[in-house]
Amino acid sequence: MYDLDGRTALVTGGGAGIGRAIALRLAAEGCDIGILDLDLAGAEATAAEARALGRAAHAASGNVGERASAEAAVAALSAALGRVDILVNNAGILRTSPFLETTDAEWRGTFAVNLDGAFHCCQAVLPGMVARRAGAVVNVASWTGKKGVPNHAAYSASKFALIGLTQAIAGEMAAHGIRVNAVCPGIIVETRMREEAEERNRAQGLPDVATRLASIPLRRAGYPEDVANLVAFLASDQAAYMTGQAVNVTGGLWMG
Ligand SMILES: NC(=O)c1ccc[n+]([C@@H]2O[C@H](COP(=O)([O-])OP(=O)(O)OC[C@H]3O[C@@H](n4cnc5c(N)ncnc54)[C@H](O)[C@@H]3O)[C@@H](O)[C@H]2O)c1
């Protein structure tokens with residue numbers, strides 16, 4: 001549909017959930033795929049599914065939050081793929097807690113993955129894109145990167161920052177023929193992050209997904225494929241006139 005035939009895509013956190021759906025959607029669109037994940041078994045499982053779609057696919061274990069680890073994994077996947085045309089910074093973690101109980105470890109750990117991860121991977125991948133004068137980056141932010149949500153201080157702040165990073169890099173990279181956008185998912189089910197969040201929300205007296213459906217105009221939670229559809233569009237030439245955007249995919253939960 002978006003004609004990505006012959007392109008290559010590196011997806012961080014592609015071993016599960018939304019990242020897995022993004023990797024498989026990009027493979028279905030014709031991309032060869034590289035999966036970078038802390039969980040090598042998950043990354044290898046997604047790569048096997050992408051190969052079953054007829055594409056080349058490679059897996060590498062790495063922690064996007066640690067520069068040396070991220071750089072080594074990106075280098076291995078870039079070498080296997082030949083080059084990286086599309087980078088999807090999807091790896092992220094959510095640790096909810098009341099603000100006054102948020103520890104330094106939760107704060108720093110959240111920023112390390114959700115913000116530093118994109119910083120490290122962009123710095124590792126963009127030089128090749130600059131040299132080729134082509135490329136697309138999609139950062140997976142969140143609707144909580146546009147609206148601060150109780151008990152989500154570290155997560156929300158890291159996603160606001162990720163949108164700021166997206167805009168700053170988009171402005172710099174436009175002259176090099178590279179587009180940089182973000183997606184802002186709402187409540188996406190069938191992911192480990194959501195399952196763990198449900199348990200914590202109940203324990204912290206926050207509303208669960210079933211309760212929150214009433215505030216979603218389209219009256220359903222989102223699925224990883226809903227996010228993957230948007231990422232595929234933004235990565236494609238159909239989005240040739242879009243850069244620096246943070247596009248909601250929330251069922252209308254957030255419209256700003
Ligand atoms: N699920 C939701 O409701 C929701 C909503 C908005 C935004 N998001 C964002 O979407 C992205 C994916 O979320 P998900 O729900 O699929 O989560 P998930 O926990 O189901 O999957 C995340 C994947 O990222 C990997 N990962 C985690 N830390 C990593 C690290 N430091 N280095 C490399 N890989 C790492 C995990 O191993 C896992 O495979 C995240 O950035 C998240 O913040 C999710």
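Ile178 is buried, with 22 other C-beta atoms within 10 Å; a residue counts as buried if 20 or more other C-beta atoms lie within 10 Å of its own, as exposed if 12 or fewer do, and as partly exposed in between, with C-beta atoms placed from the backbone. The model is a predicted one, in which local features need pLDDT of at least 70 and side-chain atom pairs count only at pLDDT 80 or more, while totals for chains, interfaces and linings use all residues. Residues are numbered from 1 along each chain as its sequence is written. Ile178 lies in strand S6 (helices, H or I of at least four residues, and strands, E of at least two, are DSSP runs numbered from the N terminus). Leaving aside neighbours within four places in sequence, Ile178 is in contact with Leu126, Met129, Val130, Ala134, Gly135, Val137 and Met173, a contact being two C-beta atoms, placed from the backbone, within 7 Å. The C-alpha atoms of Ile178 and Cys121, 57 residues apart along the chain, are separated by 15 Å.

Strand S6 (residues 178-185) runs parallel to strand S5 (residues 135-140), and 6 bridges join the two. Asn139 has Ala182 of S6 as its bridge partner. Both strands belong to an open sheet of 7 strands with parallel pairing, in the order S3-S2-S1-S4-S5-S6-S7; two strands pair if DSSP finds at least two bridges between them. Strand S3 (57-61) and strand S7 (246-249) stand at the edges with a single partner strand each, so one side of each has no neighbour in the sheet. From one strand to the next the twist averages 20 degrees.

Strand S1 is mostly covered, as 5 of its 5 residues are buried. Thr8, Leu10 and Thr12 point one way from S1, Ala9 and Val11 point the other way, and all are buried. S1 and S2 run parallel and are joined by 5 bridges, with Asp32 in S2 as the bridge partner of Thr8. Helix H1 (residues 17-28) lies across S1, S2, S3, S4, S5 and S6, running at about 175 degrees to S1 (axes are lines fitted to C-alpha atoms, for helices over the stretch in contact, and angles run from 0 to 180 degrees between N-to-C directions).

The largest nonpolar core has 68 residues, of which Ile22, Leu26, Ile33, Val125, Val183, Val231 and Ala235 touch the most other members. Such a core is a set of buried Ala, Val, Leu, Ile, Met, Phe, Trp, Tyr and Cys residues joined through C-beta atoms within 7 Å. Helix H4 (residues 104-132) gives the most to this core, with 9 residues. Val231 touches Ile22, Val88, Val138 and Val183, not counting residues up to four places away in sequence.

Val231 is one of the buried residues of helix H8. Of the 12 residues of H8, 9 are buried, so the helix is largely enclosed by the rest of the structure. The cover over these buried residues includes S1, H1, S4, S5, S6 and S7.

In helix H2 (residues 40-52), the buried residues are Gly42, Ala43, Thr46, Ala47 and Ala50. Seen down the axis of H2, they fall within an arc of 135 degrees, so they line one face of the helix; the arc is that of the directions from the helix axis to the C-beta atoms. Their cover includes H1, S2 and S3. The face of H2 turned away from the buried side carries the exposed residues Ala41, Ala48 and Ala52. Just after H2, Gly54 takes a positive phi of about 95 degrees.
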